[in-house]
Amino acid sequence: RGLNDGLTGEIASHRQRVFQCQEMGVDGRIVESLQCFDEVLNDDPDNVEALTYRGWYVIRTTSSAQATGQDQEAEELLEVGRTYLDRAVEVDPSFPDARAFRAAVFDRLGQAEAACAEVADLLALDPPPFFVEQTRAIVDRNDC
């Protein structure tokens, strides 16, 4: 590269890339978001944020499948998403996002004991108040 030549290539960190992937998901571009997370995970298979949010965005697609009467597909998507969340907890048991999302999955599956255990593990981490608020309904529904 010469003195006045511009920079080329991508210098975004994995964390920045994960944030971009999340933004795509928030914007409703789920397929692009999942592909983006896959790219991060190809470079960094133990990236807890990419594992967590890839799993969560897969789980978010279950509502569409259920709405169109594709209950079997919704169930399969829920299991795929949970696999990513399980892997995220393996990688970093102290990452509150994965714990909160797993509690939601167990709640959806009607597994009250597992949902309550996940919430207890989450609360033991002293998470930000947001996570406590987000799991309060799970606690109430499952008599945790």
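Which residues line the largest pocket? Before I answer, a word on the source. This is a predicted model, in which local features need pLDDT of at least 70 and side-chain atom pairs count only at pLDDT 80 or more, while totals for chains, interfaces and linings use all residues. Residues are numbered from 1 along each chain as its sequence is written, and side-chain values use heavy atoms, with hydrogens and water left out.

The overall fold comes next. The protein has eight helices and zero strands; helices (H or I, at least four residues) and strands (E, at least two) are DSSP runs, numbered from the N terminus. The C-alpha atoms fill a box of roughly 65 × 40 × 25 Å, taken along the principal axes. Of the 144 residues, 40% count as buried, where buried means under 20% relative accessible area, exposed over 50%, and partly exposed in between, with a 1.4 Å probe and protein chains only.

I now return to the opening question. The lining of the largest pocket consists of Tyr53, Trp56, Asp97, Ala100, Phe101, Ala104, Phe130, Phe131, Gln134, Thr135 and Ile138. A pocket here is an open set of points on a 1 Å grid over the protein atoms alone, where a 1.4 Å probe fits, with protein on both sides within 12 Å along at least five of seven lines; lining residues have an atom within 4 Å of a point. About 200 Å³ of space lies in this pocket, the volume being the space filled by probe spheres set on the points, which are joined across faces, edges and corners.

Helices H3 (48-60), H6 (96-108) and H8 (129-142) each supply at least two lining residues, and the largest share, five residues, comes from H8. By class, the lining has eight nonpolar, two polar and one charged residues. Nonpolar covers Ala, Val, Leu, Ile, Met, Phe, Trp, Tyr, Cys and Pro, charged covers Asp, Glu, Lys and Arg, and polar covers the others, Gly among them.

Finally, helix H1. Which residues of H1 are buried? They are Arg17, Val18, Cys21, Gln22, Met24 and Gly25. Seen down the axis of H1, these residues fall within an arc of 155°, so they line one face of the helix; the arc is that of the directions from the helix axis to the C-beta atoms. The buried residues of H1 pack against helix H2 (30-43) and H3, contact meaning heavy atoms within 4.5 Å. On the other side of H1, Arg15 and Val26 are exposed. After H1 comes Gly28, with a positive phi near 85°.
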